[in-house]
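Trainee: Hi, could we go through this one together? I'd like to start with the helices.

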Amino acid sequence: MSNPRTIARTVGALMLAAFFLYGTGSAIATTASPGGLLTAGVVLMVLNSVAVIAIGAVMLPVLRPHAPGIAASYLATRIFEGGFLAVGAVALLAGMGGTNFLAYNIAMAGLGVGSLLFCLALYRSRLVPRFLAVWGFIGYALFAGGCFLELAGVVGAGLVSTVPGGLFELFFAIWLIVRGFGTTAAVTARA
């Protein structure tokens, strides 16, 4: 995949898929009793992990020409996120809802912190309009802060802090599908 337009659409679709997969899977898995429905929810949550890691991998050749270190760290951020979310999902099968809660907040705090650099790269490279990169930076900062507060025992802080970042991710995904990257988008030969 070397066409920036195709990459933009793929990243947008993966981001929307991740929202659906985790949201639906979590809603099913955290309310279902052990059995088929619980397993189906966990499978959707694990598929989300695949999607979020794929986002980092697909973005790598687009970010690399503009910010090679950030490109690699963004992929690492997405691997970190996907790994912790998968661990949390599988913990639900063992009846360990507390582990899922902990893993989710660690994953989201990591995503928030790691995505600050991602938004900085978007801002500097003008791959997307600067207002969008600033929105993402603010949203991810709030998200990370809320997840850290949640981990420190401030109940509900993580949920409240997801709104700006979640809206950014939805808007960003749609933007990528409809408009793609700016004209500065280039794809390196090695992905």
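Trainee: At what angle do the axes of α2 and helix α3 cross?

Mentor: Roughly 175 degrees, and the axes of α2 and α3 (residues 68-93) come within 8 Å. Keep in mind that this is a predicted model, where local features need pLDDT of at least 70, side-chain atom pairs count only at pLDDT 80 or more, and totals for chains, interfaces and linings use all residues. Residues are numbered from 1 along each chain as its sequence is written, and side-chain values use heavy atoms, with hydrogens and water left out.

Trainee: Parallel or antiparallel, then, for α2 and α3?

Mentor: α2 and α3 are roughly antiparallel to each other, a term for angles over 145 degrees.

Trainee: Which residue classes make up the contact of α2 with α3?

Mentor: That contact has 23 nonpolar, five polar and two charged residues.

Trainee: And how do α1 and α2 pack?

Mentor: Helix α1 (residues 4-29) and helix α2 (residues 36-63) pack at about 160 degrees, with axes 7 Å apart. That makes α1 roughly antiparallel to α2. Their contact divides into 23 nonpolar, six polar and no charged residues.

Trainee: Switching topic: how many disulfides does the structure hold?

Mentor: Zero disulfides, counting a pair of cysteine sulfur atoms within 2.5 Å as one.

Trainee: So where is the nearest cysteine sulfur to that of C119?

Mentor: The nearest one belongs to C147, 15 Å away.

Trainee: Is C119 buried or exposed?

Mentor: C119 counts as buried at 1% relative accessibility; buried means under 20% relative accessible area (1.4 Å probe, protein chains only). C147 is buried as well, with a relative accessible area of 0%.

Conventions: Axes fitted to C-alpha atoms, helices over the stretch in contact; angles between N-to-C directions. Helix = DSSP H or I, 4+ residues; strand = E, 2+ residues; numbered from the N terminus. Parallel < 35°, antiparallel > 145°, perpendicular 65-115°, else oblique. Nonpolar A, V, L, I, M, F, W, Y, C, P; charged D, E, K, R; others polar. Buried < 20%, exposed > 50% of the residue type's maximum accessible area, 1.4 Å probe, protein only.
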